[in-house]
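Take a look at the structure below. The text then walks through it step by step.

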Amino acid sequence: MTASISFRGVTKTFPVRGSGGARQRTEFTALDRVDLDVAAGEFVALVGPSGCGKSTLLDLLGGLDTPTAGEILLNAKPVTGPGPDRSTVFQQYALLPWRTAQGNVEFGLESIGLPRRQRAARAREYLGLVGLAGFEERYPHELSGGMKQRVAIARSLAYDPDVLLMDEPFAALDAQTRESLQDELLRIWRRTGKTVLFITHGIEEAVYLGGRVAVLTSRPGRVKEVVPIDLGNRAEDQDLRSSPEFARHRHEIWSLLRDEVSRAQQLEKEAAPV
Amino acid sequence: MSTDLTAPALPADHPPAPAGGPPAADPPPPPPAPPSRRTGRPATLLLTAATKSVAILLLLALWEVAPRAGLVDRTFLPPFSEVARAWWGLLSDGQLASNTQASLTRSLVGFGLAVVIGVPLGLLIGWYRAVADLLSPLLELFRNTAALALLPVFILILGIGETSKISIVLYACVWPILLNTISAVRTVDPTLLRLARSLNLPPLRLFQKVILPASVPAVFTGIRLAGSVSILVLVAAEMVGAKAGLGYLINASQFNFAIPQMYAGIVTISVLGLLFNQLLVALERRFTRWRAPLSA
């Protein structure tokens with residue numbers, strides 16, 4: 001199963017303590033009328049300067065929070081709360097340290113009420129899919145960072161969500177591991193056909209992974225532009241990251257982000273207490 | 001990370017990486033090597049045992065030699081061999097067994113009640129944030145009131161019988177357990193809570209599958225603290241008003257100038273405390289096997 005996502009004028013404000021003392025309450029606008037459509041089975045990467053509300057957007061889509069205005073549609077149905085049709089891969093893995101790799105994958109399956117026997121088989125199957133066959137009985141502390149994130153991806157995929165939400169999942173990994181996991185993710189995406197919304201602050205990661213890259217503005221977060229990525233024939237055995245198309249896309253997004261990053265830094269300076 | 005793990009990790013994380021397309025099939029990672037525990041060669045074991053006992057043997061030797069050499073008054077500190085003989089005497093005439101039994105019963109009952117009360121109460125208080133905020137100043141105050149300072153109050157109200165002794169042990173033991181349990185529940189990794197929320201776990205399941213197992217290590221720290229407290233407080237309580245127990249034995253021996261017997265009682269208590277602690281540590285290990293070894 002797979003699903004389309006559509007953000008319709010999504011706005012999210014938080015009450016914050018104003019600069020004029022504790023009494024004065026102001027609104028902080030994290031997201032401002034975000035419009036974005038993701039087709040079923042599409043891989044969209046979201047990039048933006050830090051503090052642009054990327055994670056807020058994901059929380060809203062995950063149903064952990066509700067938008068102040070606008071709505072989020074999943075297969076044309078509004079999102080009202082968390083559910084097993086969406087699953088999130090967190091940057092900090094969020095593995096239960098007292099469960100083995102197998103147990104962690106089963107954790108997600110327990111939440112959808114799969115019978116025990118099927119859980120074990122399904123968990124093994126998905127650990128195999130992410131290349132961790134043979135590591136079922138390892139505890140998280142016995143696994144490397146990359147392997148932990150593989151377990152987390154297996155857990156997210158095992159209960160067959162329509163949409164995979166990824167919140168900077170590879171940010172904590174070293175460059176080599178990150179690149180190999182990016183390839184792995186693309187392979188899994190092609191195989192499963194899930195809709196993927198991938199949040200990152202890495203331009204190259206976004207260009208490499210995304211079929212389209214949505215660039216967000218800094219405070220308040222708005223979709224500045226959605227850039228379709230065409231890197232030619234991916235199946236060829238070549239260094240895609242050094243191809244001219246890649247460089248062109250990278251530069252395009254870099255230019256879009258540059259203004260935002262400097263604006264974000266300016267805002268941060270102004271907000272900092274003197 | 002222990003070094004033996006990086007080897008199987010490498011092929012999984014660094015495949016030859018054809019940058020173009022995905023690899024046709026994932027290279028199967030080699031089967032994981034069995035986690036290498038400390039190698040139990042007899043020579044190493046012997047060395048470890050020797051290292052661990054050398055300080056204690058030195059202390060005993062000093063204890064034996066110092067009184068004999070006249071460095072200390074042997075009336076007040078008899079050589080260790082005399083103490084050992086006195087201990088044997090107490091053991092054979094049954095005094096040691098009956099007093100130990102009296103003490104152990106009291107401290108185990110008090111300690112057990114403290115666990116039974118402290119853990120569920122701590123889970124409850126920690127779970128309801130508002131309750132925790134409301135009660136924590138009070139709990140801090142009680143925790144920092146030395147239990148023994150309240151001993152006269154316990155005796156006034158509950159008399160000098162078993163009730164007051166078990167009560168004071170219970171009272172002293174419940175604080176470390178309660179406070180550690182509360183903080184355990186409150187400091188559960190927020191990412192795990194986010195995960196549970198995104199999986200739409202109902203509150204009871206969340207508690208059972210995330211909060212409870214995540215709290216186990218900190219709860220055990222509290223239980224271990226309570227274990228040593230239970231013996232400490234009990235002995236003091238038995239010195240005040242009791243007709244049996246190791247605290248009574250020590251106090252009565254000193255009163256009757258049976259100094260070797262007094263030391264025999266003291267040694268018994270330290271050994272007992274040591275054993276109790278070891279037992280709790282073993283239990284803790286049993287329940288927290290999933291934790292990364294602290295030395296790594």
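How many of the residues of strand S8 (residues 195-200) of chain A are buried? In this predicted model, 6 of its 6 residues are buried, and the strand is mostly covered. The side chains of S8(A) point two ways. A:Thr195, A:Leu197 and A:Ile199 take one direction, while A:Val196, A:Phe198 and A:Thr200 take the other. In a regular strand the side chains alternate between the two faces of the sheet.

Now turn to the partners of S8(A). Strand S3 (residues 43-47) of chain A pairs with S8(A) in the parallel sense, over 5 bridges. S7(A) also pairs with S8(A) in the parallel sense, again over 5 bridges. Strands of a sheet pair through backbone hydrogen bonds, either parallel or antiparallel.

Next comes the whole sheet. In chain A, 6 strands form an open sheet with mixed pairing, in the order S6-S7-S8-S3-S9-S10. Strand S6 (86-89) and strand S10 (223-228) of chain A are at the edges. Each has a single partner strand, so one side of each lacks a neighbour in the sheet. From one strand to the next, the twist averages 20°. Strand S9 (residues 212-216) of chain A pairs with S10(A) in the antiparallel sense, over 5 bridges. Within that pairing, A:Leu216 has A:Val223 as its bridge partner. Helix H4 (residues 145-158) of chain A lies across S6 and strand S7 (163-167) of chain A. This helix runs at about 175° to S6(A).

Step back to chain A as a whole. The chain has 7 helices and 10 strands. Of its 274 residues, 55% are buried. Among contacts in chain A with a separation of 6 or more, 70% join residues 24 or more positions apart. The accessible surface of chain A comes to about 11,600 Å², and 49% of that belongs to carbon and sulfur atoms.

Charged pairs come next. Over all chains, the structure holds 19 salt bridges. In one of them, the side chains of A:Lys12 and A:Asp65 meet at 3.3 Å, N to O. This pair links distant parts of the chain, 53 residues apart. A:Lys12 is in strand S1 (residues 5-17) of chain A, and A:Asp65 is in the loop between helix H1 (54-62) and strand S4 (69-74) of chain A. A:Lys12 counts as buried because its relative accessibility is 9%. A:Asp65, at 27%, counts as partly exposed.

Another salt bridge joins A:Asp32 and A:Arg33, with the closest N and O atoms 3.1 Å apart. A:Asp32 is buried, with a relative accessible area of 11%, whereas A:Arg33 is exposed at 53%. A:Asp32, A:Arg33 and A:Arg222 are linked in a network of salt bridges.

Which chains does the next pair join? The side chains of B:Arg194 and A:Asp59 meet in a salt bridge of 3.1 Å, N to O. The pair crosses between chains, from helix H8 (residues 190-198) of chain B to helix H1 of chain A. B:Arg194 is partly exposed at 25%, and A:Asp59 is buried at 17%.

B:Ala66 lies in helix H2 (residues 42-68) of chain B and is buried, at 11% relative accessibility. B:Val116 lies in helix H4 (residues 95-127) of chain B and is exposed, at 58%. B:Val116 belongs to a nonpolar surface patch with B:Val109, B:Leu113, B:Ile117 and B:Leu121. Together they have about 390 Å² of accessible area.

Technical notes. Residues numbered from 1 in each chain as written. Chains lettered and ligands numbered in written order. Predicted model: local features only at pLDDT ≥ 70, side-chain atom pairs only at ≥ 80, totals over all residues. Heavy atoms only, no water. Helix = DSSP H or I, 4+ residues; strand = E, 2+ residues; numbered from the N terminus. Buried < 20%, exposed > 50% of the residue type's maximum accessible area, 1.4 Å probe, protein only. Contact = heavy atoms within 4.5 Å. Areas by Shrake-Rupley, 256 points an atom, 1.4 Å probe, with all protein chains shown as cover. Pairing = 2+ DSSP bridges. Axes fitted to C-alpha atoms, helices over the stretch in contact; angles between N-to-C directions. Patch = residues over 30% accessible without salt bridge, like charges linked within 9 Å, V, L, I, M, F, W, Y side chains within 5 Å. Salt bridge = Lys/Arg side-chain N within 4 Å of Asp/Glu carboxyl O.
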